[in-house]
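Please consult the sequence and coordinates alongside it.

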Amino acid sequence: MGTPAPLEASLRTRLAASSASAEHQTEAGIQRVRGWCLVLALVQTALYPGQFWYLAWGAMAVLFLSWVWIRWALQPEAGTSTAMVGIVAMASDSIVVIMIMANLMASSDDPIQLLPLALAVEAAVRWGRVGGVAGGVAGGLLLTGWSFGTHVRNDLDFSPGYACFRFFVVVLLASIVGNAVREMRQQRRAAEAVFQASRDLMVTFSLDGAVVSANPACEAVLGFTTEELESRDRSFLLDGEDGRGSVGLLAHTDGPQRVVRRVQHKDGHLVWIELDLVPDIAAGLVYAIGRDVSDRSRTESELRHRVDHDGLTGAWNRHALVAYLHRMLNRGYLPGLVFIDLDRFKEINDLHGHLAGDEVIIGLAERLADAAGHEGSVARYAGDEFCIVVDDADDLEEVAERTRRAFDAPFTIPGAELAVTGSVGSARSRSGDTPESLVHRADQAMYQVKKATRVASGS
């Protein structure tokens, strides 16, 4: 299937805007260099105006006026295209170089002969390989013409071979710079295309936490626009319940790592993000690439819940109970255990049906959870058998008593109320116990209660 037209148009617009921004940044960088060149040229002209002062200061005037105009033209409100700025800058710089070189022809060894090379490099940086070749040819011709004129003016022998060699050196150097710039721009465009088109969240922030850049996918994943994120710090990637640990994680610079973080969406709900964090210490940056794994995390959580919990009551199942007791006993804790078994549960199923029996089981699980309170955890051990793990054995008798009272009130089923009884036994852990031995003793205690109840009732 093709890309939807609105999305394709949006991506095309973002890529065009990104390309325009890159060109603007390149021109702004060249302008900063031109500013320093203007300062050096003014100092040079003041100290050594050359043969014709009006040429020297005229060149400075052209350079200064073009610098001022370009500074204005690069402002967003000016609305001047970057291409126009580049053309004006190259034209004015070429005029300035010609005027300066025409004013300094007293010596064929004057360092001013390097200016055509600088002009060629400027064209290469601005327009890549095409600019490098064109600028190299123009710069080489200007250097050759200046060299020829200087030699003739000073009655010196002119070597055509040496002049050709220098011409090709200028062309070669400018072409090398132009090719390098072209390759870097191609790589940047490729990276920018991935950055803009990716459905993964991509954020770059400095080591102190300030957001440097963010891609449009951030809005789709977290609801924040690029502009909103670039005015913030990395706090939007922190876990609200573990902020301190998250800060340490995002400031981690020992190498790439992958983590899963719980992040707050702009509208307030939580989103699980799988983050790849790649620090670049040399650049002082950390690159974060994240994807929404909320559905996967939710599915994994549900699967883990199903593995550890009873499907009917939501209480722990037998596997989870044994695993928990195993961890407690291995760590040196001595928990207590309450064992509960419903009396005559088969009669409930036979007389009222299995749905009614399920209602009783569910209701009992809820009552046992209330009886366990903060002191214990409920597990469904088998069909009509439950256990309560009491973490502190000192609370065992209190929990057991609350468990017995869970049978005081009748259980409501569709169309009837049932008086249900159950037998409750308990046991304390001993040194060297296993989960199986503890459960066995609690089960035996429950069986003794059940046996005594039957004897007392004569059944």
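Q: Is Trp 69 buried, partly exposed or exposed, and at what relative accessibility?
A: This is a predicted model, in which local features need pLDDT of at least 70, side-chain atom pairs count only at pLDDT 80 or more, and totals for chains, interfaces and linings use all residues. Residues are numbered from 1 along each chain as its sequence is written, and side-chain values use heavy atoms, with hydrogens and water left out. Buried means under 20% relative accessible area, exposed over 50%, and partly exposed in between (1.4 Å probe, protein chains only). Trp 69 therefore counts as partly exposed, at 29%.

Q: How are the rings of Trp 69 and Trp 72 arranged, stacked, edge-to-face or tilted?
A: Rings of Phe, Tyr and Trp (its six-membered ring) pair if their centres lie within 6.5 Å; planes under 30 degrees apart count as stacked, over 60 as edge-to-face and the rest as tilted. The structure holds seven aromatic pairs. For Trp 69 and Trp 72, the centres are 6.4 Å apart and the planes stand at 50°, so the pair is tilted.

Q: By about how much of a helix are Trp 69 and Trp 72 separated?
A: Helices (H or I, at least four residues) and strands (E, at least two) are DSSP runs, numbered from the N terminus. Both residues belong to helix H2 (residues 53-73). Because Trp 69 and Trp 72 are three residues apart there, the separation is about one helical turn.

Q: What sequence separation does the pair of Phe 339 and Tyr 381 tie together?
A: Phe 339 and Tyr 381 form an edge-to-face pair, with 5.6 Å from centre to centre and 65° between the planes. Phe 339 lies in strand E6, whereas Tyr 381 lies in strand E7 (residues 376-382), so the parts tied together are apart in sequence by 42 residues.

Q: Over which ring does the charged end of Arg 367 sit?
A: A charge sits over a ring if NZ of Lys or CZ of Arg is within 6 Å of the ring centre and within 35 degrees of the ring normal. For Arg 367, the distance to the ring centre is 3.7 Å. The ring in question is that of Phe 411.

Q: Is Asp 155 buried or exposed, and what is its relative accessible area?
A: Asp 155 is not a glycine, yet has a positive phi of about 55°. Its place is the loop between helix H4 (115-153) and helix H5 (160-197). Asp 155 is exposed, and its relative accessible area is 71%.
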